[in-house]
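Work through the exercises below with the sequence and the model open. Each task is followed by a solution in steps.

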Amino acid sequence: MRPFRLLITVAMLLVTGAAFGSGFALFEAGAKAVAMGGAFAATADDPSAIFYNVAGIAQLRRTEVMFGSTAITFQNQFKGDPNDLFTAGTQGGLYRAHTFMVPSAYAVVPIGSNLTFGVGVFAPFGLRTNWRQPWIGRFVSSDANIRTVSLEPAIAWQTSDGRLAIGGGPEYRRAKVILVRNNGAINPFTGRFVDVANSYLSSDWDHAWGWNVGVLFKPTANWRLGASYRAPVTVDFNGRATITQIPTGNAQFDAVVATQLPPSQPVTTSVPMPSFLYLAASTTAITNWNIEFDAVRNDWSRFKEIKVDLLTTPAASFTRPQNWKDTWSYRLGANHPVTDDWDIRLGTLYDKNPQSPAAVSPLLADGDRIGVSFGVGYHRGPWIVDATEFVLHFKERSSQGQNYDNFNGTYQTDANLITVNLGYRF
Amino acid sequence: MTRIRTLMLLLIVFVAAPLFAARGSAKFTTFVAIGDSYGAGVESGSLNLNHQPFSWPAVIARQAGVVDFQQPLVSFPGVGNELQLVDIIKFPPTILPAAGMGQPINLNLPRPYNNLSVPGATVGDVITLTGKESATSTARAFAQFVLRGLGTEVDQALVQKPTFIAVWIGGNDALGAVLAGTPAVLTPLDAFKTSYNSMLDKLTAGAPGAGMVVGNIPNNVLALPYLSTVPPVLIDPATRRPVIGPNGQPISLVADLGGGTIGQLPAGSLVLLPASAKIASGYGIPSTLAMIPPFNQLPNVGKPLADSDVLTPAEQAVIKQRVDDFNTVIQQAAQQRDIPVADVKGLFDRVAPGMFVGPIPLSASFITGGFFSLDGFHLTDIGYTLFADEFIKTINNAYGSNVPLAPLTQFLANNIATTSSGLVFLPGMPYEVSAEAAEQMLMFAPRLRRARVVVH
């Protein structure tokens with residue numbers, strides 16, 4: 001006669017790690033760039049170049065500040081896998097309505113005629129998937145949130161004829177991760193699967209250093225070539241797992257559960273974030289149009305696994321495979337001055353997703369993305385205002401019955417992004 | 001262009017054609033089920049309407065959209081009072097039958113039930129019992145109010161002119177021996193083969209256009225908590241760990257190993273769940289421990305467990321072999337008639353080592369496993385739902401139909417207050433399994449002490 005053990009496995013009690021998408025990279029660092037579909041590493045002619053191609057700030061020969069924000073909203077739906085014994089027949093499952101704000105702020109100061117100093121604040125990664133309850137996937141993830149903010153002092157230098165520019169800078173990146181899920185067990189009194197605990201893992205704001213370099217070359221009057229590289233950064237997190245028992249209404253069952261829940265405790269984990277490589281070309285061969293094409297590579301293959309170490313009960317530590325793939329995205333954008341004061345911009349992008357079907361989960365169900373953007377720019381005297389509307393459609397994505405957490409279905413996601421920024425040239 | 005069109009056509013033909021040339025079609029206009037206590041939805045030693053909606057035929061009917069699927073419903077606490085978990089804090093846990101008396105609810109249905117499953121029925125019973133027999137066995141007692149003298153399971157299925165027939169029978173031909181602790185009561189292979197083929201002949205002749213599905217039988221005797229819960233070695237009630245003998249090994253219990261040979265149980269022996277109450281009073285504990293506390297407090301130390309309390313490895317092997325032979329019969333009989341076979345054995349094999357369905361952990365553990373109910377061998381609502389899903393998958397594969405799987409999300413309680421429902425329990429000694437419960441478990445279906453009361 002064995003002692004009474006509930007089937008709450010240790011792994012079940014813990015949040016799995018972060019898994020967002022192309023993951024969870026953001027490129028919403030400036031309204032003009034977003035309006036051009038993110039194809040901006042060759043144009044790079046406003047202070048957000050610190051993010052897209054730092055060499056671009058060498059072109060800016062006036063002191064300039066710019067700040068803004070992107071508001072991201074999601075619409076999504078989960079459908080159960082008809083061949084899955086748990087999720088079959090499930091229709092619906094939505095994110096809670098909320099708006100992510102992605103901030104950015106930049107200042108550039110030219111020195112002499114060749115050098116420009118700059119400093120930028122931006123968010124290269126981030127995402128939140130917060131599911132509306134009751135959500136049948138809450139035992140995998142009910143809320144997952146990763147936030148980053150980077151501070152980058154930058155310097156760029158251009159040749160006196162302006163045909164070649166190079167730049168670079170160190171990047172100080174802070175990040176925070178929050179992961180929430182419920183834990184369940186079969187209540188032997190009722191034969192029903194009930195929520196018995198909530199696991200809330202919240203990291204501190206931890207940091208790591210990276211760096212960024214770029215080059216911009218203008219072979220002819222009409223053509224520009226740009227390349228930039230932002231180094232991969234792995235942030236090691238300290239945090240705390242707060243495990244809160246959820247009463248089920250049955251005192252005996254609750255008492256047994258209480259003896260088997262691990263205590264709230266400090267945890268450590270780490271999130272590898274990939275590099276960005278921009279390869280870009282733009283042309284003004286068509287009068288009054290600037291057209292740019294960028295290919296952007298993220299080496300998401302760094303994201304092999306999530307390892308969460310529990311410090312009080314190390315036996316409960318766990319590793320979860322992710323095995324993401326490197327991705328390319330392709331971006332095409334145009335800027336067209338309509339009057340002396342007004343520009344209109346158009347852009348489109350195709351962004352391959354890095355996830356294998358097994359990694360598609362309520363934490364993040366990424367799909368190949370197709371985006372279309374439209375924006376306007378207004379500049380008068382020292383003032384610059386840019387505004388962009390950007391819609392992003394994720395191709396329907398299925399876990400194909402292979403999900404690592406044994407939670408299978410099809411996800412549909414659409415995102416809407418509005419970016420606005422304000423600049424001032426001294 | 002033409003070639004592409006031809007290819008497309010070929011593709012369509014291949015995709016549309018079912019992989020299995022099954023007889024009839026998967027139309028559920030009139031759906032009937034033939035079976036035993038699993039088919040009836042017996043759970044925790046009881047047939048009652050809290051669980052009958054989860055009998056595997058009822059789950060299939062619900063998923064297939066059958067409108068008027070009738071079962072012989074019994075009010076709570078059922079025929080065979082439902083075993084209730086009373087105390088899991090104490091060791092060992094207490095399980096007692098709920099008080100009260102169940103009553104049939106739709107005994108006067110003016111037509112045969114769609115679910116004709118008779119608890120306790122063997123393959124032979126489904127073509128012979130009509131409900132007119134006197135209640136000398138579990139199956140005969142249940143037949144009185146499931147079949148009501150209107151004919152056999154097979155006859156009553158056919159008289160409804162079924163469009164689809166689902167059959168799972170044969171469990172009692174094998175598991176009866178498991179529960180009795182002896183292979184002696186296994187149905188002989190020849191008799192099984194004759195009955196099974198006769199049953200299918202009658203069904204295919206009587207309903208030539210009907211779709212059909214049958215299922216095989218689990219052979220993993222270790223998978224039943226009825227057998228896996230009580231270890232064959234002496235446990236120290238204080239530490240809950242095996243008592244270690246002078247040779248550094250756990251001390252095997254003593255039992256009648258067959259034919260009156262008394263000896264220590266060989267490794268790999270299984271002790272039946274109801275024997276736990278006997279062990280608690282000293283049975284099976286070697287006489288060498290008679291003077292050693294705490295065993296010196298027990299009155300029956302030194303007396304062996306009965307042959308029927310244990311299954312030795314040799315007995316297990318005989319049972320397993322017979323089940324394998326039954327499955328060969330089922331496979332061949334079904335194949336000859338183009339009837340698909342649901343892999344029930346496969347389901348039990350997956351549950352045995354423990355598995356997850358979504359976030360839900362399931363195993364063959366007693367009480368906590370989530371798959372087997374409190375009698376140790378009938379299934380839970382979740383278990384029967386997975387059982388039904390095994391049939392649905394088989395039907396869809398064979399017929400190209402799209403009956404939706406019954407998902408386990410329906411068992412998420414979402415934290416609505418869940419209590420043991422304020423039930424009053426019969427007074428009784430707190431064995432791990434009460435004497436009454438144990439008695440009920442001796443048959444593959446609950447004993448029908450009150451059958452005659454409820455039947456007319």
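Two strands count as paired if DSSP finds at least two bridges between them. Helices (H or I, at least four residues) and strands (E, at least two) are DSSP runs, numbered from the N terminus.

The model is predicted: local features need pLDDT of at least 70, side-chain atom pairs count only at pLDDT 80 or more, and totals for chains, interfaces and linings use all residues. Residues are numbered from 1 along each chain as its sequence is written, while chains are lettered from A and ligands numbered from 1 in the order in which they are written.

**Exercise 1. Strand pairing in chain A**

Task: Find the partners of strand 6 of chain A and state how many bridges join each pair.

Solution: 
- Step 1. Strand 5 (residues 143-158) and strand 6 (residues 164-187) of chain A run antiparallel and are joined by 13 bridges. A:W157 has A:I166 in strand 6 of chain A as its bridge partner.
- Step 2. These two strands form a hairpin with five residues between them, and A:G162 in the turn has a positive phi of about 75°.
- Step 3. Strand 7 (residues 192-203) of chain A pairs with strand 6 of chain A over ten bridges, again in the antiparallel sense.
- Step 4. Strand 8 (residues 206-217) of chain A is joined to strand 6 of chain A by twelve bridges, and the two run antiparallel. A:Y172 stands opposite A:W209 in strand 8 of chain A.

**Exercise 2. A sheet in chain B**

Task: Give the strand order of the open four-stranded sheet in chain B and identify its edges.

Solution: 
- Step 1. The order is 1-4-5-12, with parallel pairing.
- Step 2. Strand 1 (31-35) and strand 12 (341-342) of chain B each have a single partner strand, so they stand at the edges and one side of each has no neighbour in the sheet.
- Step 3. Two bridges join strand 5 (residues 211-215) of chain B to strand 12 of chain B. B:V214 stands opposite B:V341 in strand 12 of chain B.

**Exercise 3. Two helices in chain B**

Task: Describe how helix 7 and helix 11 of chain B pack.

Solution: 
- Step 1. Axes are lines fitted to C-alpha atoms, for helices over the stretch in contact, and angles run from 0 to 180 degrees between N-to-C directions.
- Step 2. Helix 7 (residues 171-180) and helix 11 (residues 313-336) of chain B pack at about 170°, with their axes 10 Å apart.
- Step 3. This angle makes helix 7 of chain B roughly antiparallel (over 145 degrees) to helix 11 of chain B.
- Step 4. Residues are in contact if their C-beta atoms, placed from the backbone, lie within 7 Å. B:D173, B:A174, B:A177 and B:V178 in helix 7 of chain B meet B:I319, B:R322, B:V323 and B:F326 in helix 11 of chain B.

**Exercise 4. One residue**

Task: Is A:P321 buried or exposed?

Solution: 
- Step 1. A:P321 lies in strand 15 (residues 318-321) of chain A.
- Step 2. A residue is buried if 20 or more other C-beta atoms lie within 10 Å of its own, exposed if 12 or fewer, and partly exposed in between.
- Step 3. A:P321 has 12 other C-beta atoms within 10 Å, so A:P321 is exposed.
- Step 4. Not counting residues up to four places away in sequence, A:P321 touches A:E305 and A:Y404.

Terms used
Angles under 35 degrees count as roughly parallel, over 145 as roughly antiparallel, 65 to 115 as roughly perpendicular and the rest as oblique. Two residues are in contact if their C-beta atoms, placed from the backbone, lie within 7 Å.
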